[in-house]
Amino acid sequence: MILKNMMITDNFYKIYSEVAKIPKGKVAAYGDIAKRLGTSARVVGNALHKNPDQMLIPCHRVLNRKGEVAGNFAFGGGKEQRRLLEDEGVIFQKNKVDLSSFGW
DNA sequence: CTCTTGACCATGT
DNA sequence: AACATGGCCAAGA
């Protein structure tokens with residue numbers, strides 16, 4: 001249980017939980033999480049967009065299918081997100097991550 | 001309840 | 001490789 005008194009739906013809760021389970025040094029794609037939860041990628045993205053709370057949700061570990069960071073809407077922008085990931089051991093090449101290597 | 005919108009994805013041009 | 005289109009599901013107005 002990561003989220004306490006936050007008013008969210010069950011579907012969103014599942015998404016946040018799944019994101020929070022991503023191991024350090026790994027990343028996951030919206031679509032992958034979505035499939036795992038039986039929903040669509042848009043829903044996952046939307047869920048994170050509405051709750052950009054980095055302290056509870058490691059949204060910096062969530063990338064799109066290309067392995068590119070989508071966080072221009074998030075906290076410090078792509079730069080900060082990239083820095084955090086590199087700090088965890090994720091390697092970027094040209095603003096992109098090799099999902100076949102770092103994909104969860 | 002209907003309509004719009006979106007941190008996406010796959011496919012086609 | 002970049003752009004356009006359609007599909008997807010859930011939330012909010």
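This is a predicted model: local features need pLDDT of at least 70, side-chain atom pairs count only at pLDDT 80 or more; totals for chains, interfaces and linings use all residues.
Q: Is histidine 60 buried or exposed?
A: Histidine 60 is found in the loop between α3 (41-50) and β2 (62-63). Its relative accessible area is 8%. Buried means under 20%, so histidine 60 is buried.

Q: Which residue's side chain forms a polar contact with the side chain of histidine 60?
A: Leaving out residues up to four places away in sequence, histidine 60 touches Phe75, Gln81, Leu84, Leu85 and Glu88. A polar contact of 3.3 Å links the side chain of histidine 60 to that of glutamate 88.

Q: Which element gives the largest share of the surface near DNA strand B?
A: Around DNA strand B there are 16 residues, and the closest are Arg42, Gly45, Leu48, His49 and Arg65. Of the atoms of DNA strand B that come within 4 Å of the protein, sugar and phosphate account for 40%. The largest share of the surface, six residues, comes from α3.

Q: How far is a polar backbone atom of histidine 49 from a base nitrogen of DNA strand B?
A: A polar backbone atom of leucine 48 is 2.9 Å from a base nitrogen of DNA strand B. For histidine 49, the distance from a polar backbone atom to a base nitrogen is 2.3 Å.

Conventions: Residues are numbered from 1 along each chain as its sequence is written. Chains are lettered from A and ligands numbered from 1 in the order in which they are written. Side-chain values use heavy atoms; hydrogens and water are left out. Helices (H or I, at least four residues) and strands (E, at least two) are DSSP runs, numbered from the N terminus. Buried means under 20% relative accessible area, exposed over 50%, partly exposed in between (1.4 Å probe, protein chains only). A polar contact is a pair of N or O atoms within 3.5 Å; within protein, one must be able to donate a hydrogen and the other to accept it, and residues adjacent in sequence count only if both atoms are side-chain atoms. Contact means heavy atoms within 4.5 Å. A residue is near a molecule or strand if one of its heavy atoms lies within 4 Å of it.
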